[in-house]
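These are my notes on one structure. I looked up how the strands pair and then what surrounds the ligand.

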Amino acid sequence: MEVIIAKDRAELAEVAAGIIREQILRKPNSVLGLATGSTPEETYARLVKYHKEEGLDFSKITTFNLDEYIGLPPSHDQSYHYFMADRLFKHVNVNPENVHVPMGMAPDPAAFCEWYEDEMEKAGGVDLQLLGIGGDGHIAFNEPGSSLASRTRVKTLTEQTIKDNADLFFGKGQEHLVPKFAITMGVGTILEAKKLLLIAYGKRKAGIVKKFVEGPVTSQVTASALQLHPDSIVVIDNEAAAELEHKDYYKWVYSQKGELQKVLDRLAGN
Ligand code: PGA
């Protein structure tokens, strides 16, 4: 797991958007796994900027979102369909036919979940999956206790997640408006992406960042499953990194990027 510590939220967004841009430039028909929440908002704003100012091309990109609330139609301003259209899709040249967000109004959610997994497979799998992390360590809506082998399915949100999402999106004290159930990719589904990129910022994430980066792999903190993935990058700001024991080492590793190549070049006599 590579841990990159940015000085602040703006730098974090720049690094994360840079990794996604590089993926799109390297493979213009990439399959991107996308996330919602307050954390990726600035990252999406940067991708929109790259599209408008540099012509970053989304025309061949396919996307799969992690999750959606059950019972909210795509037109609802708190649905993840709405969020994605508002923050990214309507501002870039992605083909709407290539965009996938779980359908919270699906009459048969189990059948929908199977279809969603099939579509991901047909698309060749996710190349790069963007992730946030909840206060309880969830990735997507894989709340504590979710099997690390889980697939796309319906989950019941924890009371804490409902409260967090009320505070951030529906309005403080508006817990009753937040749906209690969601369709979410499973941890096993997420682990199949070729590359994972988890982002987190702020003091409120410092404790959980310490747990998932340096604690044991456990279904009680589903983000800890990133430790099992061969190519996962965690980009956090200084505040979210505050409790990490090996913070200085992660910073040192980042500062040494490029040095290995110089050593190898020297050994090869170049
Ligand atoms: P946040 O949510 O980005 O709004 O903090 C992250 C999550 O719950 O996955």
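I started with terms: strands (E, at least two residues) are DSSP runs numbered from the N terminus, as are helices (H or I, at least four). Two strands pair if DSSP finds at least two bridges between them. The model is predicted, so I noted that local features need pLDDT of at least 70, that side-chain atom pairs count only at pLDDT 80 or more, and that totals for chains, interfaces and linings use all residues. Residues are numbered from 1 along each chain as its sequence is written, and side-chain values use heavy atoms, with hydrogens and water left out.

Entry 1, the parallel sheet.
I looked up an open sheet of 7 strands and wrote down its order, S1-S10-S9-S6-S2-S3-S5, with parallel pairing. At its edges I found strand S1 (2–6) and strand S5 (99–100), each pairing on one side only. Inside that order I checked S2 (residues 31–34) against S6 (residues 128–131), and they pair in the parallel sense over 2 bridges. Leu-32 stands opposite Leu-128 in S6.

Entry 2, the antiparallel sheet.
I then found an open sheet of 3 strands in the order S4-S8-S7, with antiparallel pairing. Strand S4 (67–69) and strand S7 (153–156) are at the edges with a single partner strand each, so one side of each has no neighbour in the sheet. The twist averages 30° from one strand to the next (axes are lines fitted to C-alpha atoms, for helices over the stretch in contact, and angles run from 0 to 180 degrees between N-to-C directions). I counted 4 bridges between S7 and S8 (residues 181–184), which run antiparallel. For Lys-155, the bridge partner in S8 is Ala-182.

Which residues are around the ligand? I listed Gly-37, Ser-38, Thr-39, Gly-132, Ile-133, Gly-134, His-138, Leu-168, Arg-204 and Lys-205 (a heavy atom within 4 Å counts as near).
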